[in-house]
Amino acid sequence: MSDQIILNNENMVTSKTSVSVLFAGDSGDGMQLTGTQFANTVAVYGSDLNTFPNFPSEIRAPAGTISGVSGFQLQFGSKAVYTPGAKFDVMVAMNAAALKANLKNLHHGGIILANTDGFDAKNLKLAGYGEENNPLEDGTLNDYTVFKIPVVTLTRKALADTGLSTKNIDRCKNMFVLGTLYWLYSLPIETTIETLRTKFKKKTDVADANIKAVKAGYNFGDETEMFSQHGRFSVDPANKKPGVYRRVTGNEASAIGLTAAAKKAGIELFLGSYPITPASEILQTLSGLKKWGVKTFQAEDEIAGVLTSIGASYGGALAATNTSGPGLALKAEGLGLAMILEVPLVVVNVQRGGPSTGLPTKPEQSDLFIAMFGRHGDAPVPIVAATSPVDCFYAAYEAAKIAVEYMTPVICLTDGYLALSSEPMQIPSPEDLAEITPKLAKERKADDPPYLPYKRDNRGVREWAIPGTKGLEHRIGGLEKQHETGHVSHDPENHALMTRLRAEKVERVIDLVPDQTIDNGPENGDLLVLGWGSTYGAIKIAVEQALAGGCNVAHAHLRYLNPFPKNLGQILSNYKKILIPENNNGQLIHIIRDKFQIEPVGFSKVQGLPFNEMEIEAKITDILKEL
């Protein structure tokens, strides 16, 4: 981070390249909404950004306690931003528990905006400080810049004439904080005002109160002497390519990617879904796209979700289903059915902490094994993994292309970090998206030979026979099929043949898979950091910093996990050591070891938190010291 001091007639303004901010408070304090509004503002302003919402699994965790703290971290800057920040520069602490839970991750000398109304005796006790030990007063925070603001008190004064109840006025306290942050970082308030008017267009009194609170917070920053010694800050807009941008979460991007793929293929999209954290927003987003020919069905359970999608696929739709780890387990038999039927199906699996219910709101790369192996019998499926919130669009699109063109179910892996985080996305032109060409069987005449539903082309792909097309009647079901005819067959040799043909078809997907590239660093050397999925940003920054420090290290990131790129083995052989960071207890490392007969170094993090760049850079340094 670089600072530049700019003096103007009113305030000292420090220009920064990037800033990481954490909003933290009780689950009922509106921290997710506050962070989202701040992210919207900096996105409209033109900054690059990356966000990380982090909230409890309980619907309403105990107020005032550490377990009840909800946080929203984001980093925004004038250069490319790949993570929400290993540590943050600014913390908004709405109560004592929020401070205690997050202080360890605040940069030395960082800024704390503390709501003093959340540090009374009751809150201090619930947070574990003790009623007499107020960290705002006892010197605990001497190494930080602390601004003590009675947020609730000031919000009540600002809204005293609105006629709202005290309870409803207190709900606006997060908007007061937001206004103060806008002033502190020289950001406009108009985006939030417009959003509030739209969100509460049927409740104008609520809209007006929240807008008044935002303005009051902004004016507080402008008029109080509290900030006079430190002044304000500014972050220039990022220098982005010309185009139309919007802020998207990973779940929104996945939904839009599926819709774009269906349009490109000239078929309708169907989603059979059962709500599950953190994947539910895909269903919610697609349910609002009916005008684009999207059909959504909220099923009674995970099994019904995948089976309705299989039925829709048989009927000629680009069928998808979304889920998370426990739901993927329940869908296992359905996936086996789609695989033996050889119909296109996209499964967007938004991974979360496991096993079982595990950590529903926390990210983890927990499902690579079940995606790779978790079906009855020999039932391989292609696997694609997204690397960022925006990349969820492209990963879902590519998964759909593979599914349609190879007549197979495909698993697209994201996780809770990518799904709920957000960043600016440049809207691609439809002409720039890869073509998707369904292999549709044509109508047959009376004198044509009998239709053979499992007759394959040179890729091993059968045709897609849409019901109602003349002459394409055929048998379908979960029992083994006879080669080409599709009749039920219990012949041992035929089963062996069909098992091999289905596996070979999936392996031939490699023809669509581009060669693996090195993201940054030398083409050969001492150490390669090999990642997949949401570890991308942290690994990229860590390797960039290690390279700047003179280390001989490179970074490669896998999008295609089954099949692997053709040249992956050659790339791995170009380095003395391979490091594989994973948000699990080690899954890719086992597959790489088995496939390429090498011994990578594993680096696991299973805390319900994504990696940060400092952790990975430290591991890189440790490994290179041993070489």
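Which ring does the charged end of Lys240 sit over? That of Tyr245, with the charged end 5.0 Å from the ring centre. Keep in mind that this is a predicted model.

There is another contact of that kind to show. Lys100 lies over the face of Tyr129, and the distance to the ring centre is again given as 5.0 Å.

Now the salt bridges. Searching the whole structure turns up 25 of them. I will go through a few.

Take Lys148 and Glu137, whose side chains meet at 3.5 Å, N to O. This pair links distant parts of the chain: Lys148 belongs to strand 8, residues 145–149, while Glu137 is in the loop between helix 3 and strand 8, and the two are 11 residues apart. Lys148 has 33% relative accessibility, so it counts as partly exposed. Glu137, at 57%, counts as exposed.

Next, Asp519 and Lys540. Their closest N and O atoms are 2.9 Å apart. Is Lys540 buried or exposed? Buried, with a relative accessible area of 8%.

Then Asp526 with Lys576, where the closest N and O atoms are 3.3 Å apart. Asp526 sits in strand 18 and Lys576 in strand 21, residues 575–582, which puts the partners 50 residues apart. Lys576 is exposed, with a relative accessible area of 62%. Salt bridges with shared partners also join Glu342, Arg456 and Lys505 into one network.

On to the aromatics. The count comes to 15 aromatic pairs. For Phe38 and Phe76, the ring centres are 5.6 Å apart and the planes stand at 70 degrees; an angle over 60 counts as edge-to-face, so that is what this pair is. Phe38 is in helix 1, residues 31–45, and Phe76 is in strand 5, residues 69–77, 38 residues apart. Both Phe38 and Phe76 are buried.

Tyr185 and Phe233, by contrast, are stacked, at 5.2 Å centre to centre with 25 degrees between the planes. Tyr185 is in the loop between helix 6 and helix 7, Phe233 is in strand 9, and 48 residues separate them in numbering. Tyr185 and Phe233 are buried as well.

How values were computed
Residues are numbered from 1 along each chain as its sequence is written. This is a predicted model: local features need pLDDT of at least 70, side-chain atom pairs count only at pLDDT 80 or more; totals for chains, interfaces and linings use all residues. Side-chain values use heavy atoms; hydrogens and water are left out. A salt bridge is a side-chain nitrogen of Lys or Arg within 4 Å of a carboxyl oxygen of Asp or Glu. Helices (H or I, at least four residues) and strands (E, at least two) are DSSP runs, numbered from the N terminus. Buried means under 20% relative accessible area, exposed over 50%, partly exposed in between (1.4 Å probe, protein chains only). Rings of Phe, Tyr and Trp (its six-membered ring) pair if their centres lie within 6.5 Å; planes under 30 degrees apart count as stacked, over 60 as edge-to-face and the rest as tilted. A charge sits over a ring if NZ of Lys or CZ of Arg is within 6 Å of the ring centre and within 35 degrees of the ring normal.
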